[in-house]
Amino acid sequence: MNRNTMQYYLKIVRKGYKNISAPLGLATFLLLALAGLFAFVLLVYEPVNEWHTTTFTLYRYEYRYSRGGGVLDLYTTDGRCYVLNQNEETIRYQLKAGQQYNAVYSDDFFHDSIKGLSDSEGEYLNADEMRKSHTTERLWFSILLVVCILILLISNSVYAISCIRAEEKKRRKRINNRK
């Protein structure tokens, strides 16, 4: 295939996308949006192997409601703030200001999320269970991202080929009508 033929085919495909049917255009848009969402989630949340451990003394905590339910904001004596959104209903009554806690946290895009929490008396949130859960979630988001991209590539390739074939059929028909 030479350069002129490639340019001709690209012109046909561009013309085809200008006249794309509403269902196919909507499906393409939705798949792009889903792929973008899955990629965003994978980029925003820190992978398990990059989680951090720390020790802090609790200054105070605040319980607030967000879209997903209740959230605990933990403020430390050194000015840091962590977000706890797992088992917050039971953990909030066990926390004590001035006590020292060991934490495993994820430095996510929006805030530092507690993934494991313990003190000298016991464990409030198991970091190993959270690692397992988070790894499974990342795996599913990765699979869904790849599936969306594959469906997009396949459907758009089939559409581009059908546009080229339809245009070639029209061109042959015009040539045969001239003869």
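Predicted model: local features only at pLDDT ≥ 70, side-chain atom pairs only at ≥ 80, totals over all residues.
Start with the helices. H1, spanning residues 3-18, packs against H4, spanning residues 127-178, with an angle of about 110° and 9 Å between the axes. That puts H1 roughly perpendicular to H4, since angles from 65 to 115 degrees fall in that class. On the H1 side, the contact is made by Tyr8, Tyr9, Ile12, Val13, Lys15, Gly16 and Tyr17. Facing them from H4 are Asn156, Tyr159, Ala160, Cys163, Ile164, Glu167, Glu168 and Arg171. Sorted by type, the residues of this H1–H4 contact come out as 9 nonpolar, 2 polar and 4 charged.

Next up is Asp73, which sits in strand E2 (residues 69-76). With a relative accessible area of 6%, Asp73 is buried, because anything under 20% counts as such. Its side chain makes a polar contact of 2.6 Å with the side chain of Arg64. Once neighbours within four places in sequence are set aside, Arg64 also turns up among the contacts of Asp73, along with Arg60, Tyr61, Glu62, Cys81, Tyr82 and Val83.

Glu121, for its part, belongs to the loop that runs between strand E5 (112-118) and strand E6 (123-125). Its relative accessibility is 58%, so Glu121 counts as exposed, the cut-off being over 50%. Again leaving out neighbours within four places in sequence, Glu121 touches Lys96 and Gln99. As for Tyr101, its C-alpha lies 9.9 Å from that of Glu121, with 20 residues separating the pair in sequence.

Definitions and conventions: Residues numbered from 1 in each chain as written. Heavy atoms only, no water. Axes fitted to C-alpha atoms, helices over the stretch in contact; angles between N-to-C directions. Helix = DSSP H or I, 4+ residues; strand = E, 2+ residues; numbered from the N terminus. Parallel < 35°, antiparallel > 145°, perpendicular 65-115°, else oblique. Contact = heavy atoms within 4.5 Å. Nonpolar A, V, L, I, M, F, W, Y, C, P; charged D, E, K, R; others polar. Buried < 20%, exposed > 50% of the residue type's maximum accessible area, 1.4 Å probe, protein only. Polar contact = N/O pair within 3.5 Å; in protein donor to acceptor, adjacent residues only side chain to side chain.
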